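Try each task before reading its solution.

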Amino acid sequence: MKTRIYQIIPELDAHHIKFMGSADMRRHYGDIVPAEIYGCVYNGDLQTQDLEEVFKLFNTERPTGYKGHSLSVSDVVEQEDDCGNCRFFYCDVFGFQEVRFPKEQAELI
């Protein structure tokens, strides 16, 4: 499955939400994750769509081309199906929350 990982760019994080849960993010930004403070640190195909497997992979066996830190709270995982439909998931304190993420505003790192 086509997968992209987005992580916060520290210099753009005015509200210091990096490594904070979705409740803290929503307190500052509402229901839409602020893609303009994120950069894409991975863009590739994975053999799994299970988010817990993705979490494990990016913490133990990072794929070639991965430019970020271990997958952590505040990171966003994008999954794109074969039809081009995308879903976005905020890595939260416990598990993942599906979120709105205007990826066209994120930087490509």
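**Exercise 1.** Find what Asp-13 is in contact with, leaving aside its neighbours within four places in sequence, and work out how its charge is placed.

*Solution.* Step 1: with contact taken as heavy atoms within 4.5 Å, Asp-13 touches Ile-8, Lys-18 and Ile-37 once neighbours within four places in sequence are left aside. The model is predicted, so local features need pLDDT of at least 70, side-chain atom pairs count only at pLDDT 80 or more, and totals for chains, interfaces and linings use all residues. Residues are numbered from 1 along each chain as its sequence is written, and side-chain values use heavy atoms, without hydrogens and water.

Step 1: Asp-13 is buried (under 20% relative accessible area, 1.4 Å probe, protein chains only). Asp-13 has no salt bridge (a side-chain nitrogen of Lys or Arg within 4 Å of a carboxyl oxygen of Asp or Glu); the nearest side chain of opposite charge, Lys-18, is 7.1 Å away.

Step 2: the side chain of Asp-13 does reach the backbone nitrogen of His-16, at 3.1 Å.

**Exercise 2.** Classify the ring pair of Tyr-6 and Phe-101, and say which parts the pair ties together.

*Solution.* Step 1: rings of Phe, Tyr and Trp (its six-membered ring) pair if their centres lie within 6.5 Å; planes under 30 degrees apart are stacked, over 60 edge-to-face, the rest tilted. The structure holds six such aromatic pairs. Here the centres are 4.8 Å apart and the planes at 50 degrees, so Tyr-6 and Phe-101 form a tilted pair.

Step 1: Tyr-6 is in strand S1 and Phe-101 in the loop between strands S5 and S6, so the pair ties together parts 95 residues apart in sequence (strands are DSSP runs of E, at least two residues, numbered from the N terminus). Both Tyr-6 and Phe-101 are buried.

Note on methods
Helices (H or I, at least four residues) and strands (E, at least two) are DSSP runs, numbered from the N terminus. Buried means under 20% relative accessible area, exposed over 50%, partly exposed in between (1.4 Å probe, protein chains only). Lys and Arg count as positive and Asp and Glu as negative; His and the chain ends are not counted. A polar contact is a pair of N or O atoms within 3.5 Å; within protein, one must be able to donate a hydrogen and the other to accept it, and residues adjacent in sequence count only if both atoms are side-chain atoms.
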